[in-house]
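These are notes for a colleague who is opening this model for the first time. Please keep the structure in view while going through the points below.

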Amino acid sequence: MNDSEKQADSTSSALSVPERLLLAAKQFFLSDEYHQVSTRRIAEAAKVNTAMIRYYFGNKEGLYEEMIRAALTPILDALDSDTLTTRQGYIDYLRTYYRTMSATPELPKLMFKVVALSEGPGRRFVQQLLERGQKRGARRLDEMQQSGLQQAGLDPDLLRLAFTSLAMMPMLLRENFEAQMERPMDEAFLDRLAEFNGQMFALALTSAVTQGPQEQAP
């Protein structure tokens, strides 16, 4: 065992059993298809008995779902907080989203496969997480209307779709964008993108509040 392997083994040993299982699950589920990953393989990597998966997570699917939940925790926490109640909050949320997805580059594609292509066992679970985020987003939009940060009467579905696109598309098509730009979308780039997209979204709301709904031409 070389020095890096010894260090990784030492770090893993310092983690609790559930943490080691989640770390191993993340490694295998994101690199291989769900049906190709066995609980024995995960347990061996975590250096525990397979019974520990049943004890902490119920079964393989429960471990899979908890792995996704753990990866999305920073994003869900941001939705639970007051982040999206200010214009600066749009920037902060997008920065959190980009950094979270960058930490697990395979996650955006995994979620797309599960939800859009109906692949994988966690479709119901991921749908519940998205609906949870949608409800939180709707609540934030109501709060913005009441505080005067958003014009009353704006279509919440339109706003939600626009903001979701600003968050998801850069990470889902990251490899394509990097190839086209011939530059990496590193942390500094993504922070600038969060700043730009957040300000652009805030400006659109500000313009709508200032100008009001456009009158239709006769």
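1. K47 sits in the loop between α3 and α4, and just after α3 this residue takes a positive phi of about 60°, although K47 is not a glycine. At 55% relative accessibility K47 counts as exposed, where exposed means over 50% relative accessible area, buried under 20% and partly exposed in between, with a 1.4 Å probe and protein chains only. The helices named here are DSSP runs of H or I with at least four residues, and strands are runs of E with at least two, all numbered from the N terminus.

2. The model is predicted, so that local features need pLDDT of at least 70 and side-chain atom pairs count only at pLDDT 80 or more, while totals for chains, interfaces and linings use all residues. Residues are numbered from 1 along each chain as its sequence is written, and side-chain values use heavy atoms, with hydrogens and water left out.

3. E182 is placed in the loop between α10 (174–181) and α11 (187–211), and at 73% relative accessibility E182 counts as exposed.

4. For the chain overall, the secondary structure comes to 11 helices and zero strands. Of the 218 residues in the chain, buried residues make up 39%. Among the contacts with a separation of 6 or more, residues 24 or more positions apart account for 64%, a contact being heavy atoms within 4.5 Å.

5. Which residues of helix α3 (residues 39–46) are buried? They are I42, A43 and A46, and seen down the axis of α3 these buried residues fall within an arc of 95°, so they line one face of the helix; the arc is that of the directions from the helix axis to the C-beta atoms. What covers the buried residues of α3 includes α2 (17–29), α4 (51–57) and α5. The face of α3 turned away from its buried side carries the exposed residues R40 and E44.

6. R40, found in helix α3, has 58% relative accessibility and therefore counts as exposed. Although R40 and T50 are 10 residues apart along the chain, their C-alpha atoms are separated by 5.9 Å.

7. Two packed helices are described by the angle between their axes and the distance between the axes. Helix α5 (residues 60–80) and helix α6 (residues 87–103) pack at an angle of about 170°, with their axes 9 Å apart; axes are lines fitted to C-alpha atoms, for helices over the stretch in contact, and angles run from 0 to 180 degrees between N-to-C directions. The two helices α5 and α6 are therefore roughly antiparallel to each other, given that angles over 145 degrees count as roughly antiparallel, under 35 as roughly parallel, 65 to 115 as roughly perpendicular and the rest as oblique. On the α5 side the contact is made by A71, L72, P74, I75, A78 and L79, and on the α6 side by Y93, T96, Y97, T100 and M101. By class, the contact of α5 with α6 has nine nonpolar, two polar and no charged residues, where Ala, Val, Leu, Ile, Met, Phe, Trp, Tyr, Cys and Pro count as nonpolar, Asp, Glu, Lys and Arg as charged, and the others, Gly among them, as polar.

8. How do matters stand where α5 packs with helix α7 (residues 107–115), and at what angle? The angle is about 130° and the axes are 12 Å apart, and α5 and α7 are therefore oblique to each other. In this contact Y64, M67, I68, A71 and L72 in α5 meet L107, L110, M111 and V114 in α7, and by class there are nine nonpolar, no polar and no charged residues.

9. The buried residues of α7 are L107, P108, L110, M111, V114 and V115; seen down the axis of α7, they fall within an arc of 160°, so they line one face of the helix. K113, also placed in helix α7, is partly exposed, with a relative accessible area of 25%. The C-alpha atoms of K113 and R123, which are 10 residues apart along the chain, are separated by 8.9 Å.

10. E65 has its place in helix α5 and is buried, with a relative accessible area of 13%. Not counting residues up to four places away in sequence, E65 touches R124 and F125.
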